[in-house]
Amino acid sequence: MAVKVIGTGSALPEKIVTNDDLAMIMDTSDEWIKERTGISKRRLSTGETVADLATAACERALEKAGKTAEEVELLIVATCTPEQLLPCVACQIQDRIAAKNAVAFDLNAACGGFLFALNTAYAYMSAGFYKTAVVVGAEVLSKIMDWEDRSTCVLFGDGAGAVVLEKREGIDGILGFVQQSDGAKGHVLSCGSRAVNNPYCKQEPLYPYVIMDGREVFQFAVRQVPACINQVLENLDMTIEDVDLFLLHQANARIIETIARRYKLPIDKFPMNISEYGNMSSACIPVLMDQLNREGELKEGMKLVLSGFGAGLTFGACTMIW
Ligand code: UT7
């Protein structure tokens with residue numbers, strides 16, 4: 001009995017914003033952004049909401065999996081940028097696609113969110129609660145960027161990706177997970193929401209945009225991502241050479257290149273789409289997975305490692321047989 005990804009889908013805003021477009025509205029350049037991050041362009045919302053993108057990604061994944069919305073028993077959305085605090089994005093999707101038999105809820109583990117949501121669904125399914133699930137990573141990060149802060153706003157993009165999971169006899173699928181959190185380092189990547197404001201207390205408003213110590217996050221990523229990957233492989237008596245493809249969180253091409261170099265592996269084992277889409281937080285891994293799936297790059301039996309990291313700090317890795 002295994003839990004397997006049987007369908008993928010993604011949705012992106014229509015508006016493409018190049019580095020040159022950004023250089024027209026702030027003190028930056030195509031050269032700086034490309035050299036430091038590998039990003040050439042990104043998609044930015046011109047009105048598409050997290051729920052819009054997440055719903056479209058979900059519908060495409062279900063279509064690809066050959067499943068109906070009614071068959072979905074569990075629907076988890078990883079997001080840190082919902083437009084509405086209530087109801088959660090997963091319940092909005094449930095309503096829009098009429099997934100009336102699903103238990104639906106959101107989970108926020110920032111850029112680590114998709115992996116954490118995938119693991120949550122996997123745990124529920126392995127424990128026997130559900131047989132069919134959808135896991136979505138969806139963000140409209142552009143609304144929590146300070147567009148006066150060139151050191152953060154050029155890095156991020158908006159988008160959504162989804163996978164359909166099925167638990168079935170006689171298939172290969174997810175093999176294992178490693179998940180970790182380090183709340184003591186939370187300050188290196190943060191974003192405020194609402195301060196306490198009631199008849200008995202009025203706190204100062206919180207800063208509602210992303211603040212990031214880029215160098216700290218970079219160092220953390222190149223240390224922790226390989227540590228998680230090593231751990232998840234060791235738990236399964238696998239080696240790095242057993243892995244066909246590494247689908248890593250697309251935060252910076254230099255982070256991914258550093259990790260590939262450390263493993264002395266060719267960079268083409270680390271597919272990237274950061275050049276096109278920038279960092280879409282929880283949407284990065286499922287959008288990349290959908291792209292590779294639709295391009296026929298994921299062949300049955302391939303061994304994949306997924307690894308993500310982000311605010312929290314949260315980090316983890318997963319191995320699966322495609
Ligand atoms: O999903 C997880 C979230 N985040 C990450 O994974 C981010 C990880 N960190 C990074 O990717 C890199 O640290 C950054 C891309 C954010 C920054 O690269 P860096 O090589 O660490 O640059 P820096 O922050 O040290 O800045 C170098 C210089 C500074 O100028 P001075 O002080 O040296 O004169 C910045 O003011 O680059 C300047 N700078 C820019 N220049 C042009 C910062 N942002 C820009 C910009 N355009 N957009």
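1. The shell around the ligand comprises 11 nonpolar, seven polar and five charged residues. The model under review is predicted, and the remarks below should be read on that basis.

2. In total, 23 residues surround the ligand, and the closest are Thr-28, Arg-36, Arg-215, His-249 and Asn-252. Four helices, α2 (30-37), α6 (150-153), α7 (214-235) and α8 (253-262), each contribute at least two residues to this shell. The largest share, four residues, is that of α7.

3. For Asn-279, a side-chain N or O atom is 2.8 Å from an oxygen atom of the ligand. At Arg-150 the backbone is involved: one of its polar backbone atoms is 3.0 Å from a nitrogen atom of the ligand. The ligand taken alone exposes 970 Å², of which the protein buries 75%.

4. A separate point concerns Thr-132, which is located in strand β6 (residues 132-140). Is Thr-132 buried or exposed? Its relative accessible area is 6%, under the 20% cut-off, and Thr-132 therefore counts as buried. Leaving aside residues up to four places away in sequence, Thr-132 touches Lys-67, Glu-71, Val-72, Glu-73, Leu-74, Met-125, Val-164, Leu-165 and Glu-166.

Methods
Residues are numbered from 1 along each chain as its sequence is written. This is a predicted model: local features need pLDDT of at least 70, side-chain atom pairs count only at pLDDT 80 or more; totals for chains, interfaces and linings use all residues. Side-chain values use heavy atoms; hydrogens and water are left out. Buried means under 20% relative accessible area, exposed over 50%, partly exposed in between (1.4 Å probe, protein chains only). Contact means heavy atoms within 4.5 Å. A residue is near a molecule or strand if one of its heavy atoms lies within 4 Å of it. A polar contact is a pair of N or O atoms within 3.5 Å; within protein, one must be able to donate a hydrogen and the other to accept it, and residues adjacent in sequence count only if both atoms are side-chain atoms. Accessible areas come from the Shrake-Rupley method with a 1.4 Å probe; for residues, only the protein chains shown count as cover. Ala, Val, Leu, Ile, Met, Phe, Trp, Tyr, Cys and Pro count as nonpolar, Asp, Glu, Lys and Arg as charged, and the others, Gly among them, as polar.
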